[in-house]
Amino acid sequence: MTEIGRAGAHDRVVSSLGAAIVNGDIGPDADLDVPALQDRFAVSRTAVREALRVLAAKGLVGARPRRGTFVAPRQQWALLDADVLRWRFADRVDERFLDELGEVRLTVEPAVARMAALRRTDRDLADLEDALAGMRAAVGRPVGEHVEADLAFHHALLRAAHNELLAQMTTAIEAGLRLRDQFVHTALTGESADKHAEVLLAVRRQRPRAAETAMRALVERSIADVELARQVHGEQSGR
């Protein structure tokens, strides 16, 4: 098998098996038989073992002497891993995650805005201003365009906080914003861009308390949008 062929086989096993575990098609504590997986995916033993090592690094599988490899309990999963997030939301909207992400964002992002107001550099301000300009340009355009513009702003704000650990929240916030827009189905409005501009203004003026307050209001609005969309979906499904 060529190098490309081996990589393709390995990636296929990782993606298929990872998605099956995350979506519950293979339950926690289920044994994973290497020969059976070889047959199922028509790949080599090496490809299966490499795939299992990748999934183990994401906390999805474990191994014990005399037992072999098995699906790890959910508590051990790396839920903020980019692949795990992608598999979790590939075919559905996870409302529980939206609620949990809202709680995380409400805890983290106002603090990030406060730090950014204290630590931002001229480069950070330029990035935030470019992101805001992108948001204003995306007003009224397809949802996909405004999601990218929104993400650019939040990424720039996380960088402006200059905290490497908080910067790791980028993956979760990005997944949450994308999922939110799948669920809410709203286009970016001038009002939304204005709310982001309030955060930027406070950061530019180095007013940490104002930045924190403005970001909290922004996240609370996002949470309210999700709740409204849930009510609309409930009404539609009840018809």
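Colleague: Which residues does Leu55 touch, not counting those up to four places away in sequence?

Modeller: Val14, Leu17, Gly18, Leu60, Val61 and Trp87. Contact here means heavy atoms within 4.5 Å. Bear in mind that this is a predicted model: local features need pLDDT of at least 70, side-chain atom pairs count only at pLDDT 80 or more, and totals for chains, interfaces and linings use all residues. Residues are numbered from 1 along each chain as its sequence is written, and side-chain values use heavy atoms, with hydrogens and water left out.

Colleague: Where does Leu55 lie?

Modeller: In helix H3, residues 45–57. Helices (H or I, at least four residues) and strands (E, at least two) are DSSP runs, numbered from the N terminus.

Colleague: Is Leu55 buried or exposed?

Modeller: Leu55 counts as buried because its relative accessibility is 0%. Buried means under 20% relative accessible area, exposed over 50%, and partly exposed in between, with a 1.4 Å probe and protein chains only.

Colleague: And what separates the C-alpha atoms of Leu55 and Leu17?

Modeller: 8.6 Å, with the two residues 38 apart along the chain.

Colleague: Let's zoom out. How many helices and strands does the chain have?

Modeller: There are 11 helices and three strands. From the N terminus on, the order is α-β-α-α-β-β-α-α-α-α-α-α-α-α.

Colleague: What share of the residues is buried?

Modeller: 44% of the 239 residues in the chain. As for contacts with a separation of 6 or more, 72% come from residues 24 or more positions apart.

Colleague: On to H2. Which of its residues are buried?

Modeller: H2 covers residues 34–41, and its buried residues are Val34, Leu37, Gln38 and Phe41. They sit on the same side of H2, because they cover an arc of only 105° around the axis. The arc is that of the directions from the helix axis to the C-beta atoms.

Colleague: What is on the other side of H2?

Modeller: Asp39 and Arg40, both exposed.

Colleague: What happens at the start of H2?

Modeller: A side-chain oxygen of Asp33 comes to within 2.8 Å of the backbone nitrogen of Ala36. A polar contact is a pair of N or O atoms within 3.5 Å; within protein, one must be able to donate a hydrogen and the other to accept it, and residues adjacent in sequence count only if both atoms are side-chain atoms.

Colleague: And just after H2?

Modeller: Ala42 takes a positive phi of about 55° there. Ala42 is in the loop between H2 and H3. Its relative accessibility is 65%, so Ala42 counts as exposed.

Colleague: What about Arg66, where is that?

Modeller: In the loop between strand E2 (61–64) and strand E3 (68–71). Arg66 is not a glycine, yet its phi is positive, about 70°. Arg66 counts as exposed, because its relative accessibility is 87%.

Colleague: New topic: H10. What should it span, and what does it span?

Modeller: H10 has 15 residues, 190–204, so at 1.5 Å a residue it should span 21 Å; its end C-alpha atoms are 20 Å apart, which agrees. The expected span is 1.5 Å times one less than the number of residues.

Colleague: Which H10 residues are buried?

Modeller: Ala193, His196, Ala197, Val199, Leu200, Ala202 and Val203. His196 has a relative accessible area of 3%.

Colleague: What does His196 contact beyond its neighbours within four places in sequence?

Modeller: Leu132, Met135, Asp150, Phe153, His154 and Leu218. A polar atom of the His196 side chain also lies 2.8 Å from the backbone oxygen of Ser192.

Colleague: How do H6 and H10 pack?

Modeller: H6 is residues 122–137, and it packs with H10 at an angle of about 170°, with the axes 10 Å apart. That makes H6 roughly antiparallel to H10. The contact includes Leu125, Leu128 and Leu132 of H6, and Ala193, His196 and Leu200 of H10. Axes are lines fitted to C-alpha atoms, for helices over the stretch in contact, and angles run from 0 to 180 degrees between N-to-C directions.

Colleague: And H5 with H10?

Modeller: H5, residues 95–119, packs with H10 at about 40°, with the axes 7 Å apart. That makes H5 oblique to H10. Angles under 35 degrees count as roughly parallel, over 145 as roughly antiparallel, 65 to 115 as roughly perpendicular, and the rest as oblique.

Colleague: Which residues meet there?

Modeller: Ala113, Ala116 and Ala117 in H5 meet Val199, Ala202 and Val203 in H10.
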